[in-house]
Amino acid sequence: MKYALVTGGSRGIGKAVCLQLAKQGFNILINYTSNKEAAEATKKEVEQLNVKADLLKFDVSDREAVRKVLSDWVDTNEDKNIEVLVNNAGIRKDNLMMWMKDEEWDDVVNISLGGFYNVTKQIIPEMIKNKQGRIINMVSLSGIKGLPGQTNYSASKAAVIGATKALAQEVARRNITVNAVAPGFIKTEMTDGIEEKDFKSVIPMRRFGTAEEVANVVGFLASPASSYITSEVISINGGLL
Ligand code: NAP
């Protein structure tokens, strides 16, 4: 019974990842934090692909909640195995550094970076024991080049890139790969306020990407075809540098 856990799996890129991994035969654990309706709709769509889907409600930045929900799931599902972890949950709260509120910094860092730590820490012992696993972290072009108005977001994503590379080296001998996917502009609710027409001219492919295009890369990294790739950051941004 192989499972993939997708944090922030209810909407946007996470939802597309859930559907892609389901198509590849994984049963899916869909994490969400507030939008129950969206999570239930995603669960239904996943189940239509003839795999099992469970909803796991927790805020990835709440360490105690992550530990409780995940350990309860493991205790009641001893015959099942989480082979793939996609750390996808993320938010943005953009502001120039001089105007940034403490909570805008803390929320973004605690969800992107803290969430990576809280969830991965809980999942990795079992992967090490089983000598099998794929960890895929959703980062961003913003964490590679830095974007004005996003010191909080760029810092969190850059930190997760560092953690990806460090962890990859720690667990490579155990047949666990750790990689990151760095999207540019992707059409989801996160980019709702950003007009495609205003940014088209700077993107060589002259368009935003889709969640499905990102999910295809995640699907590849979760598949046997990527077995010798680890510690990598794969950009998916239409050529935007
Ligand atoms: P989105 O459409 O806003 O969806 C965010 C998802 O994350 C939702 O499922 C949401 O759950 C969940 N989430 C938010 N905070 C959470 C928390 N504290 N605990 C658990 N789940 C939480 O965002 P998206 O565009 O799909 O982004 C997904 C990832 O891709 C993020 O890490 C983002 O930084 C990254 N990314 C996006 C873009 C882009 O252009 N869209 C570009 C580069 C990187 P609820 O439904 O419960 O709210």
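## Ligand site

The ligand sits in the largest pocket. A pocket is an open set of points on a 1 Å grid over the protein atoms alone, with protein on both sides within 12 Å along at least five of seven lines; a molecule sits in one if more than half of its atoms lie within 2 Å of its grid points. The elements that give two or more residues to the shell around the ligand are α1 (12-23), β2 (27-32) and α6 (151-171), helices (H or I, at least four residues) and strands (E, at least two) being DSSP runs numbered from the N terminus.

This is a predicted model, in which local features need pLDDT of at least 70 and side-chain atom pairs count only at pLDDT 80 or more, while totals for chains, interfaces and linings use all residues. Residues are numbered from 1 along each chain as its sequence is written, and side-chain values use heavy atoms, with hydrogens and water left out.

## Contacts with the ligand

The ligand is surrounded by 31 residues (a heavy atom within 4 Å), the closest being S10, S34, N88, Y153 and T188. A polar side-chain atom of T188 is 2.5 Å from a ligand oxygen atom. In the side chain of D59, an N or O atom lies 2.8 Å from a nitrogen atom of the ligand.

## Salt bridges

The count is 11 salt bridges (a side-chain nitrogen of Lys or Arg within 4 Å of a carboxyl oxygen of Asp or Glu). One of them joins K36 and E40, with the closest N and O atoms 3.8 Å apart. K36 and E40 are four residues apart in helix α2 (residues 36-47), and therefore separated by about one helical turn.

Methods. A polar contact is a pair of N or O atoms within 3.5 Å; within protein, one must be able to donate a hydrogen and the other to accept it, and residues adjacent in sequence count only if both atoms are side-chain atoms. On a 1 Å grid over the protein atoms alone, a cavity is a set of points where a 1.4 Å probe fits but cannot get out, and a pocket is an open set with protein on both sides within 12 Å along at least five of seven lines; lining residues have an atom within 4 Å of a point.
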